[in-house]
Amino acid sequence: MAATKPESRPARPAAIDVVVLAAGWRRALPGAALLCRRAARAALAAAPAKTPRGTIAIALGDDKLLRELNHRFRGQDKPTNVLSFAAQSPDQLGDIALALQTVKREAAEQGKPLRRHWIHLVVRGTLHLLGHDHERPAQARRMENLEWRVLAR
């Protein structure tokens with residue numbers, strides 16, 4: 001009797017939970033939860049098939065929340081647009097948090113529609129959970145190229 005290889009199973013698709021913690025998100029971006037899921041799934045679809053999958057939690061917060069998280073986990077006492085936190089559990093991919101006021105301000109400063117800038121940040125946060133980074137120039141180029149491929153979809 002010949003030995004058989006175990007069947008390879010596709011990675012489990014990610015469940016994406018969205019929590020709206022700042023009511024302004026609903027006014028600024030109606031359908032924000034659905035758009036979050038679509039943007040995160042687009043980023044996940046660009047990842048290699050063997051990339052681990054698991055639950056992603058996305059918190060739509062405000063500058064106060066992101067300032068607290070940024071200070072606690074990165075030692076920077078200021079709000080930021082998006083933070084990603086890799087999970088410690090195999091059934092979770094991680095958490096993403098976004099700050100409404102910072103995202104709105106950046107979109108206005110850059111002359112971009114709020115929706116477009118915000119989707120870009122959800123994609124970026126998801127790619128961070130998948131292990132992508134932009135600390136060094138070569139990493140930044142690879143990550144930016146991947147971001148643009150995802151956003152082009």
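This is a predicted model: local features need pLDDT of at least 70, side-chain atom pairs count only at pLDDT 80 or more; totals for chains, interfaces and linings use all residues.

Residues are numbered from 1 along each chain as its sequence is written, and side-chain values use heavy atoms, leaving out hydrogens and water.

**The chain as a whole**

- Of the 153 residues in the protein chain, 41% are buried; buried means under 20% relative accessible area, exposed over 50%, and partly exposed in between (1.4 Å probe, protein chains only).
- The accessible surface is about 9,500 Å², and carbon and sulfur atoms supply 51% of that surface (Shrake-Rupley method, 1.4 Å probe; for residues, only the protein chains shown count as cover).
- Among contacts with a separation of 6 or more, 63% join residues 24 or more positions apart; a contact means heavy atoms within 4.5 Å.

**The sheet and its helices**

- The four strands make an open sheet with the order 1-2-4-3 and mixed pairing; two strands pair if DSSP finds at least two bridges between them.
- Strand 1 (16–20) and strand 3 are the edge strands, each pairing on one side only.
- From one strand to the next, the twist averages 15° (axes are lines fitted to C-alpha atoms, for helices over the stretch in contact, and angles run from 0 to 180 degrees between N-to-C directions).
- Five bridges join strand 1 and strand 2 in the parallel sense, and Val-19 has Ala-59 in strand 2 as its bridge partner.
- Helix 4 (residues 100–110) lies across strand 2 and strand 4 (92–99), at about 65° to strand 4.
- Helix 5 also packs on the sheet, where it touches strand 2, strand 3 and strand 4, and its direction makes about 150° with that of strand 4.

**Aromatic pairs**

- The whole structure holds two aromatic pairs; rings of Phe, Tyr and Trp (its six-membered ring) pair if their centres lie within 6.5 Å, with planes under 30 degrees apart counted as stacked, over 60 as edge-to-face and the rest as tilted.
- Trp-25 and Trp-118 form a tilted pair, because their ring centres are 5.9 Å apart and their planes meet at 45°.
- This pair links distant parts of the chain, with Trp-25 in helix 1 (residues 24–28) and Trp-118 in helix 5 (residues 114–129), 93 residues apart.
- Trp-25 is buried at 0% relative accessibility, and Trp-118 is buried with a relative accessible area of 0%.
- Phe-73 and Phe-85 make an edge-to-face pair, 5.0 Å centre to centre with 65° between the planes.
- Phe-73 sits in helix 3 and Phe-85 in strand 3 (residues 82–86), so this pair ties together parts 12 residues apart in sequence.
- Phe-73 is partly exposed, with 46% relative accessible area.

**A closer look at Asp-62**

- Asp-62 lies in the loop between strand 2 (55–61) and helix 3 (63–74), and is partly exposed at 26% relative accessibility.
- The side chain of Asp-62 reaches the backbone nitrogen of Leu-65 at 3.0 Å.
- Not counting residues up to four places away in sequence, Asp-62 touches Ala-22, Leu-98, Ala-99, Leu-100 and Gln-101.
- Asp-62 and Leu-98 are 36 residues apart in sequence, yet 7.1 Å apart in space from C-alpha to C-alpha.

Conventions
Helices (H or I, at least four residues) and strands (E, at least two) are DSSP runs, numbered from the N terminus. A polar contact is a pair of N or O atoms within 3.5 Å; within protein, one must be able to donate a hydrogen and the other to accept it, and residues adjacent in sequence count only if both atoms are side-chain atoms.
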